[in-house]
Amino acid sequence: MSTSAGYQSPAVAVASALPKRKVDSSVLIVAVVSGSEDDAKSQKARVVANSYLDAEAVGEIEVALEALGAKGGPEQVTRVLAPSLPVTSVLAVGLGKSRDEWSAETIRRAAGVAARSLSGVEHVITTLSDLDLEAAIEGLILGSYRFSEFRSDKTAPKEAGLSKITALTPDTKAATKEAAARAEAIASAVATARDFINTPPSHLFPAEFAKRAKALGDAVGLDVEVLDEKALAKDGYGGIIGVGQGSSRPPRLVRLAHKGGKRKSKTVALVGKGITFDTGGISIKPAANMHHMTSDMGGAAAVIATVVLAARQQLPIDVTAYVPMAENMPSSTAQRPGDVLTQYGGITVEVLNTDAEGRLILADAIARACEDDPDYLIETSTLTGAQTVALGARTPGVMGSEEFRDRVAEISQAIGENAWAMPLPEELKDDLKSTVADLANVSGSRYAGMLVAGTYLREFVADGVEWAHIDVAAPAYNSGGPWGYTPKGGTGVPTRTMFAVLEDIAANG
């Protein structure tokens with residue numbers, strides 16, 4: 001799964017043994033640890049025991065690592081030669097101190113670091129999969145991700161990227177192959193979200209975003225509907241129209257529906273914020289780092305990737321995504337601070353700050369999604385800078401109905417995206433009172449900005465719907481250096497969280 005000329009994931013295969021003949025342009029990735037069972041104080045890197053390497057190969061690798069001073073520390077990578085093995089070279093990736101088992105996230109990050117360190121390698125074979133098959137595959141695909149669509153021949157990568165992954169496993173039965181295919185599909189979905197985020201706003205504006213979403217939906221048999229600005233105005237989507245009216249490129253609302261459930265199965269609505277670029281509107285942002293606002297549609301990107309993945313994996317539940325798309329620009333037609341708009345469903349809102357626009361388009365989509373009477377509603381967005389202040393650059397905040405909020409946070413932590421549950425104190429609603437409308441879109445206080453935004457969104461969630469909002473203002477876009485399996489730029493968070501929640505609902509209701 002990819003967007004137009006976006007990243008193409010490597011093919012994945014499973015095998016129970018190393019190839020018998022040497023494979024050109026191939027690297028064997030092995031896990032190593034610090035110390036050994038016999039000498040806990042040893043700082044020499046030791047190969048993690050497995051059945052794929054004989055004593056001669058292990059000895060070659062460990063002697064070469066010792067010569068280079070490799071310690072096997074967490075995510076430390078060292079490339080060596082092992083003439084007895086049928087590969088060009090061996091890449092040892094550290095897991096830290098020896099132990100009985102490692103978390104899936106440890107393996108995922110180690111695989112990601114290994115993939116990022118390889119250049120010009122077309123085929124990797126890995127024993128990390130012996131420790132956790134799916135985590136190793138996800139980490140390798142996500143770590144090898146690169147986005148070069150807009151580079152000319154002068155700066156485009158000269159070396160071919162990773163095109164094949166062979167995961168070594170104890171068996172190659174159907175269940176093992178299915179697990180490998182699931183991991184490939186999940187990682188490819190995250191890559192799709194990254195492609196969307198990394199595409200510049202000159203090339204991904206609302207109409208184009210909607211077109212690409214429709215193409216992805218059509219390819220997997222989703223029911224797709226796209227509302228243009230005329231249909232949005234006619235049907236009363238005041239939030240989406242209000243935010244988009246300052247741009248020459250009008251807004252859209254995309255509906256993508258996966259029908260997989262039986263009559264009594266649970267239904268889920270997904271909503272994602274699709275601001276293709278956010279200047280702040282009349283309440284304009286500072287110029288510094290405004291280019292990062294290409295990521296302000298990160299929630300929409302993740303939602304589109306997730307519903308397409310649900311269809312690809314044939315989840316036995318109904319999943320319907322509503323994706324509002326707009327560009328927030330200052331102009332003579334832009335909404336002004338102090339304007340009043342009417343959200344879909346009739347609630348009037350005084351727009352005190354045009355840079356608090358995400359909640360306006362989300363509110364329209366939430367209200368529309370609730371008309372379908374879903375059992376669960378998951379929505380996500382780069383909602384508030386306050387998320388970064390509260391939780392930092394890598395930890396999403398989850399707000400919503402308490403039981404479902406905690407369920408989403410627990411699942412997110414289990415799969416390595418590490419969302420954290422946040423409260424919605426009742427007193428914060430008073431901060432959203434307006435003197436001229438039903439609500440104001442911001443509080444007059446500088447405190448609890450993420451929670452105030454969540455409180456605003458809660459007003460549009462229908463009674464009886466279990467609801468969770470995932471704020472990924474910082475986690476959706478890595479503006480620093482790469483780490484683990486996460487590159488600079490779009491991360492694809494929280495695609496894996498949302499899909500894991502859908503799987504959990506499909507299994508447990």
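Q: What makes the pair Asp296 and Lys273 a polar contact?
A: Their side chains come together at 3.0 Å. A polar contact is a pair of N or O atoms within 3.5 Å, where within protein one must be able to donate a hydrogen and the other to accept it, and residues adjacent in sequence count only if both atoms are side-chain atoms. The 3.0 Å of Asp296 and Lys273 is within 3.5 Å, so the term applies. The model is predicted: local features need pLDDT of at least 70 and side-chain atom pairs count only at pLDDT 80 or more, while totals for chains, interfaces and linings use all residues. Residues are numbered from 1 along each chain as its sequence is written, and side-chain values use heavy atoms, with hydrogens and water left out.

Q: Why is Asp296 called buried?
A: Its relative accessible area is 3%. Buried means under 20%, exposed over 50% and partly exposed in between (1.4 Å probe, protein chains only), so Asp296 at 3% is buried. Asp296 sits in the loop between S11 and helix H8 (298-312); helices (H or I, at least four residues) and strands (E, at least two) are DSSP runs, numbered from the N terminus.

Q: Which residues is Asp296 in contact with, leaving aside neighbours within four places in sequence?
A: Contact means heavy atoms within 4.5 Å. By that rule Asp296 meets Lys273, Gly274, Ile275, Asp278, Glu357 and Thr382.

Q: How do you know where the feature "binding site" is placed?
A: The position comes from UniProt, in an unreviewed entry that lists Lys273, Asp278, Asp296 and Glu357. These residues are spread over 85 residues of sequence but cluster in space, with a largest C-alpha distance of 11.5 Å. UniProt positions follow the numbering used here, feature names are shortened, and annotations may be inferred rather than shown by experiment.

Q: Is Asp278 buried or exposed, and what is its relative accessible area?
A: Asp278 has a relative accessible area of 2% and is therefore buried. This residue belongs to strand S11 (residues 274-278). Not counting residues up to four places away in sequence, Asp278 touches residues including Lys285, Asp296, Asp355 and Glu357. Its side chain also reaches the backbone nitrogen of Gly280 at 2.8 Å.

Q: What makes Gly244 count as buried?
A: Gly244 has 3% relative accessibility, so it counts as buried. Gly244 lies in helix H7 (residues 238-244). The C-alpha atoms of Gly244 and Glu327 are 5.5 Å apart, although 83 residues separate the two along the chain. Beyond neighbours within four places in sequence, Gly244 is in contact with Pro251, Ala326 and Glu327.

Q: What makes Arg496 and Glu138 a salt bridge?
A: Their closest N and O atoms are 3.9 Å apart. A salt bridge needs a side-chain nitrogen of Lys or Arg within 4 Å of a carboxyl oxygen of Asp or Glu, so 3.9 Å between Arg496 and Glu138 qualifies. Between domain 1 and domain 2 the count is 1 salt bridge.

Q: How is the chain divided, and what lies between domain 1 and domain 2?
A: Domain 1 covers 11-168 and domain 2 covers 191-508, with bounds from an automatic or database domain assignment. The contact takes 14 residues from domain 1 and 16 residues from domain 2. About 1400 Å² is buried between domain 1 and domain 2, with 60% given by carbon and sulfur atoms; buried area is the accessible area (1.4 Å probe) that two parts lose on being put together, summed over both.
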